[in-house]
Amino acid sequence: MPEQPGRSRLVVLAGPTAVGKGTVAAAVREHHPEVWISVSATTRAPRPGEVDGVHYRFVSDEEFDRMVDSSQLLEWATVHRAARYGTPRGPVEEALAAGRPAMLEIDLQGARQVRESMPEALFVFLKPPSWDELVRRLVGRGTETEAERERRLATARDELAAEEEFDVTIVNREVHEAVEELVTLMGLGPES
Ligand code: 5GP
């Protein structure tokens with residue numbers, strides 16, 4: 001599908017839990033401020049250091065329901081059977097209309113929904129160098145309970161199988177390399 005003039009292309013970054021999507025997105029935010037990155041709404045509680053409106057918009061179940069009912073979300077999903085996450089639609093539309101390179105960092109279910117509504121987006125799968133490395137990163141993060149970790153690993157196994165649905169795969173060996181691959185795909189040069 002041809003891109004609409006004046007509109008930039010949306011990049012959707014997805015991949016299994018703990019592959020480092022959040023770290024890659026944070027590095028893009030830091031080194032490429034010209035990229036607009038969506039701030040998702042979520043019903044989960046903030047982790048230490050997370051700031052409302054920066055990392056997520058932390059909302060109540062009732063507020064999330066309202067956002068869903070009033071079609072404010074481009075996509076949303078219950079992730080790891082634990083909390084709901086969704087992409088506010090308005091800011092994405094505005095960023096694209098302003099010609100800004102825009103990125104969503106979302107889970108696989110969300111990526112599939114965006115594929116339905118915005119098939120012209122570029123779908124990027126971020127993959128760990130190996131399964132063992134993924135497990136190591138998930139354990140190393142130390143933010144989840146044992147039960148939560150097992151649930152996330154079960155999800156990750158299914159998510160890894162979805163690679164072929166994506167336009168491009170980036171292997172997250174080193175964060176800065178993954179970031180440069182990503183911004184190059186977005187038509188932006190490497191950091192000067
Ligand atoms: P975390 O709780 O570790 O920040 O994120 C858990 C998962 O939710 C990650 O896989 C992340 O990509 C996904 N996620 C974050 N924001 C969104 C969103 O707006 N929509 C969807 N579908 N998934 C999201």
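Trainee: In which helix is the place of arginine 149?

Mentor: The model is a predicted one, and in it arginine 149 makes a polar contact, side chain to side chain, with glutamate 146 at 2.6 Å. The place of arginine 149 is in a helix that runs over residues 146–160, namely α6.

Trainee: Does arginine 149 count as buried or exposed, and at what relative accessibility?

Mentor: A residue is called buried when its relative accessible area is under 20%. Leaving aside neighbours within four places in sequence, arginine 149 is in contact with Leu138, Val139 and Glu144. Arginine 149 therefore counts as buried, at a relative accessibility of 18%.

Trainee: Which residues of helix α1 are buried?

Mentor: Helix α1 covers residues 21–31, and its buried residues are Lys21, Val24, Ala25, Ala27 and Val28. They lie on the same side of α1 because the arc that they cover around the axis is only 160°.

Trainee: Which elements do the buried residues of α1 pack against?

Mentor: One of these elements is strand β7, in which glutamate 105 lies, and glutamate 105 is in contact with Lys21, Gly22 and Ala25, among others, when neighbours within four places in sequence are left aside. The buried residues of α1 pack against β1 (10–14), β2 (36–37), β7 (102–105), β8 (122–127) and α7 (175–185).

Trainee: What separation do the C-alpha atoms of valine 11 and valine 183 have?

Mentor: Residues up to four places away in sequence aside, valine 11 touches Ala102, Met103, Leu104, Leu122, Val124, Leu182 and Met186. Valine 183 is 172 residues from valine 11 along the chain, and the separation of their C-alpha atoms is 9.7 Å.

Trainee: Which residues does serine 38 touch, not counting those up to four places away in sequence?

Mentor: Serine 38 has its place in the loop between β2 and β3 (41–42), and at 10% relative accessibility this serine counts as buried. With residues up to four places away in sequence not counted, serine 38 touches Thr87, Pro88, Met103 and Leu104.

Trainee: How many residues surround the ligand, and which are the closest?

Mentor: The residues of the shell around the ligand divide into 5 nonpolar, 4 polar and 7 charged. The shell holds 16 residues, and the closest to the ligand are Ser40, Arg44, Tyr56, Tyr85 and Asp107.

Trainee: Which elements give two or more residues to the shell around the ligand?

Mentor: In tyrosine 85, a side-chain N or O atom is 2.5 Å from an oxygen atom of the ligand. On its own the ligand has 520 Å² of accessible area, and the protein covers 94% of that area. Two or more residues of the shell come from each of the elements β5 (73–79) and β6 (83–88).

Trainee: What is the phi of serine 71, which is not a glycine?

Mentor: Serine 71 lies in the loop between α2 (61–69) and β5, and with a relative accessible area of 47% this residue is partly exposed. Although serine 71 is not a glycine, its phi is positive, at about 55°.

Trainee: With which side chain does the side chain of glutamate 163 make a polar contact?

Mentor: Glutamate 163 has its place in the loop between α6 and β9 (168–171) and counts as partly exposed, at 25% relative accessibility. Not counting residues up to four places away in sequence, glutamate 163 touches Phe125, Lys127 and Thr169. From glutamate 163 to lysine 127 there are 36 residues in sequence and 8.2 Å in space, C-alpha to C-alpha. The polar contact, at 3.2 Å, is with the side chain of lysine 127.

Methods:
Residues numbered from 1 in each chain as written. Predicted model: local features only at pLDDT ≥ 70, side-chain atom pairs only at ≥ 80, totals over all residues. Heavy atoms only, no water. Buried < 20%, exposed > 50% of the residue type's maximum accessible area, 1.4 Å probe, protein only. Helix = DSSP H or I, 4+ residues; strand = E, 2+ residues; numbered from the N terminus. Arc of directions from axis to C-beta. Contact = heavy atoms within 4.5 Å. Near = heavy atom within 4 Å. Polar contact = N/O pair within 3.5 Å; in protein donor to acceptor, adjacent residues only side chain to side chain. Areas by Shrake-Rupley, 256 points an atom, 1.4 Å probe, with all protein chains shown as cover. Nonpolar A, V, L, I, M, F, W, Y, C, P; charged D, E, K, R; others polar.
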